[in-house]
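Hi,

Here is the model I said I would pass on.

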Amino acid sequence: MEAIIKKNEAKLKNDLHVEVTDTDRNVKNSNDKNEKYFTCDICGQKFDEKRVLKKHFDTHRKLKQYSCDVCHKFFPHKPNLFQHLRTHTNEKPYSCDICHKRFSWKISLKVHFQAHSNKKLYSCDVCQKGFSTKSNLNQHLKVHTNEKPFSCEVCNKSFSQKGDLKRHLRVHTNEKPFSCEVCHKSFSRKADLNRHLRVHTNEKPFSCDVCHKNFSQKYRLNRHLRVHTNEKPFSCEMCQKGFSRKANLNQHLGVHSNEKPLSCEVCQKGFSTLSYLNIHLRVHTNEKPFTCDMCHKMFSHKCVLNLHFRIHTNEKPFSCEVCHKSFSRKDHLNQHLKVHTNEEPFSCDVCHKSFSRKAYFNQHLKVHTNEEPFSCDVCHKGFLQKSDLNRHLRVHTNEKPFSCEVCYKSFLRKAHLSQHLKVHTNEKPFSCVICNKGFSQKVNLNLHLRIHTNEKPFSCEVCNKSFSLNAYLNKHLKVHTNEEPFFCEVCNKSFSRKNYLNQHLKVHTNEKPFSCVVCLKSFSQKGHLKQHLGVHNNEKPFSCVICNKGFSHKGSLNLHLRIHTNEKPFSCEVCYKSFSRKRQLKQHLGVHNNEKPFSCVICNKGFSQQVNLNLHLRIHTNEKPFSCEVCNKSFSLKAYLNQHLKVHTNEETFSCEVCNRSFSRKGYLNQHLKVHTNEEPFSCDVCHKSFSRKAYFNQHLKVHTNEETFSCEVCNRSFSRKGYLNQHLKVHTNEKPFSCVICNKGFSQKGSLNLHLQIHTKEKPFSCDVCHKGFSCISSLNRHYRIHTN
């Protein structure tokens with residue numbers, strides 16, 4: 001070899017004996033038949049210029065006198081060193097005018113230009129495939145000849161190109177010279193690094209023409225297209241099952257061979273491929289390297305992350321041909337198809353129940369074995385499945401990952417969100433055959449049917465009361481145990497149910513998300529809104545069988561029936577007073593502990609309940625939302641309106657058993673009974689005067705304190721009662737709504753009219769005990785007494 005090199009050197013120095021060959025033999029690959037080459041006698045390589053041939057001889061002499069200061073690699077020529085240094089400096093001085101891609105070498109730019117011009121000057125004689133460069137054609141020819149002249153000394157694997165061998169050797173040396181500047185991950189090939197960089201830039205230049213999904217690499221796009229074309233070029237020779245990817249076929253072959261050469265060192269589970277083993281190890285390490293950019297949820301598999309993304313994008317590429325329902329995953333579609341075929345291939349040997357999925361069948365078997373392998377670390381509750389445990393943990397962490405895009409309400413489960421969305425769409429596909437009421441879910445319809453059948457399969461072992469739902473029974477049992485495990489962090493009030501606590505919290509936040517479309521009044525609970533709507537439509541489908549009174553809700557009817565039955569199941573442990581409602585008992589307990597956590601910001605008056613405070617505020621705002629349709633008089637409470645209506649109907653349903661006097665309200669009757677019993681439980685500490693009613697007592701106290709909280713805005717005169725102020729205002733307005741039917745004289749108060757009528761009737765019910773003179777009003781009698789007493 002050395003002799004040949006010296007021989008060629010001598011030829012070059014003397015410019016003699018250099019073989020000049022005509023290019024007629026290479027007509028295929030040359031545009032000029034008269035073009036001549038300078039051929040190397042050692043390797044047969046041809047060159048256009050003699051000086052290039054001279055440099056080429058240095059390659060055979062292995063003369064490399066130029067060294068790189070960075071990696072100490074040697075080069076035979078100085079230009080080669082300069083080009084190599086661009087690898088370290090990442091200098092790319094040559095730019096493409098079309099796509100602005102940059103290159104380190106001019107020859108690379110020239111080759112790149114051919115990609116835009118789509119010129120392929122060189123074609124393969126075997127398969128007619130075109131190539132832009134002759135080197136690419138020569139590499140391609142080795143595919144047909146199966147020529148692999150370069151082999152690895154470690155594993156004897158052969159390669160058609162030397163560059164492929166060099167890259168392969170990095171597998172054994174674990175050399176990864178290309179590093180990512182963002183995450184510092186290393187790669188053995190620069191092409192792998194470039195593909196990896198798209199993870200950080202989120203660049204996806206390859207797009208699907210069918211569904212417009214984007215991909216970072218072209219081969220992934222090609223693989224994805226098989227989803228639309230249903231192309232499965234790889235088939236199993238044993239069961240003829242087709243696959244869209246060769247990797248999937250290789251994995252499938254392990255089913256037939258049952259070969260699992262790799263095992264987990266922790267749990268000894270076997271795996272057919274190293275990738276499956278590596279993925280499995282994340283179960284033990286709890287490693288979740290893939291994170292969702294939208295909700296930051298972490299996953300151990302990238303494929304699971306990709307499927308999770310469809311929750312946010314609402315992408316459902318798989319559609320049922322029968323009912324056109326769409327699914328985000330193909331396996332979900334396959335499971336759904338069994339609904340139409342009614343296929344249930346998995347049957348339980350114990351109860352013979354059938355299932356469409358094996359997973360459901362395995363879950364069902366645990367019902368018979370009573371197996372609950374997954375337990376909560378907080379409350380030690382057991383679960384059949386790990387997924388049930390994970391969902392249960394959200395109760396303790398209060399995590400609600402599924403949010404409604406309309407009202408932003410959050411839910412623990414996706415199924416709950418799907419059910420909730422029907423509230424906004426008002427979709428109710430299930431209707432009752434008896435009353436035609438619609439329901440968004442079939443289970444709600446089944447529960448509703450128990451109203452018509454009066455079926456109550458769940459009964460209380462303490463009081464034998466029956467319920468239509470097990471949930472109602474569980475709630476009822478807390479009445480006997482008096483269990484209230486849910487506490488309000490603001491006022492420390494306790495509740496037996498979590499939803500009661502959530503409703504109560506709206507008292508502190510003053511949140512009222514439900515508003516009436518008629519009067520725009522807002523409510524903290526949807527049930528309250530439904531009850532309120534009955535005010536506008538006057539719908540009362542539930543009526544009392546005793547007094548025929550109508551109610552908009554069955555619960556209101558049940559509470560009303562206690563008036564007739566005199567049932568008072570809730571009693572005070574302090575004074576043993578009984579109440580028909582639990583709410584009334586709770587209100588009553590505030591009398592003993594004198595607890596009034598809600599105070600008025602205007603007059604600082606305290607109240608035991610928020611609702612009482614809200615009603616009190618109407619005194620300051622003078623809000624009277626309830627008006628009488630007969631006389632247009634307004635009231636701050638609906639109860640006051642109902643009492644007032646009895647004035648027009650002259651209805652007096654409550655009568656005294658002693659004197660047979662009738663009253664329109666039971667409260668008036670109770671107050672009247674104190675006249676017969678002479679009961680005056682409220683006594684003044686100042687003058688020891690007693691009163692039968694607390695209201696009279698409170699009014700009397702203002703006599704001693706000289707408190708006059710109600711003032712006239714016209715003349716600034718003050719009054720101790722609001723009723724006195726209202727009467728006084730009629731002086732300024734000259735309003736006289738009460739007129740005498742005999743002489744048409746008007747009066748501002750009904751009491752004045754009654755006194756006036758005694759003039760016409762000559763009635764004098766008040767007489768003097770001394771002289772027996774009669775008077776029409778007690779004030780005249782009191783003035784007359786002064787004559788006798790001087």
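Below are my notes on the cysteines, the aromatic rings and one leucine.

First, the ground rules. This is a predicted model, so local features need pLDDT of at least 70 and side-chain atom pairs count only at pLDDT 80 or more, while totals for chains, interfaces and linings use all residues. Residues are numbered from 1 along each chain as its sequence is written, and side-chain values use heavy atoms, with hydrogens and water left out.

Cysteines: how many disulfides are there? With a disulfide taken as a pair of cysteine sulfur atoms within 2.5 Å, the count is 0. C155 has its closest cysteine sulfur in C152, but at 3.7 Å that is too far for a bond. C323 is in no disulfide either, with the sulfur of C320 as the nearest one, 3.8 Å away. For accessibility I call a residue buried under 20% relative accessible area, exposed over 50% and partly exposed in between (1.4 Å probe, protein chains only). C155 comes out as partly exposed at 36%, and C323 is partly exposed at 36%.

Aromatics: rings of Phe, Tyr and Trp (its six-membered ring) pair if their centres lie within 6.5 Å; planes under 30 degrees apart are stacked, over 60 edge-to-face, and the rest tilted. The whole structure has 4 such pairs. One of them is F355 with F361, which is tilted, at 6.4 Å between centres and 50 degrees between planes. Both partners are tucked away: F355 is buried at 10%, and F361 is buried at 15%.

Then there is F682 with F697: the centres are 6.4 Å apart and the planes lie at 20 degrees, so this pair is stacked. It links distant parts of the chain, 15 residues apart, with F682 in strand β48 (residues 682-683) and F697 in helix α25 (residues 694-705). Helices (H or I, at least four residues) and strands (E, at least two) are DSSP runs, numbered from the N terminus. F682 is partly exposed at 25%, whereas F697 is buried at 15%. Ring pairs also join F346, F355 and F361 into a cluster.

Last, the leucine. L529 sits in helix α19 (residues 526-537) and is buried, at 13% relative accessibility. What does L529 contact, leaving aside its neighbours within four places in sequence? The list is F514, S515, C516 and F523, where contact means heavy atoms within 4.5 Å. L529 and R665 are 136 residues apart in sequence, and their C-alpha atoms are 28 Å apart in space.

Cheers
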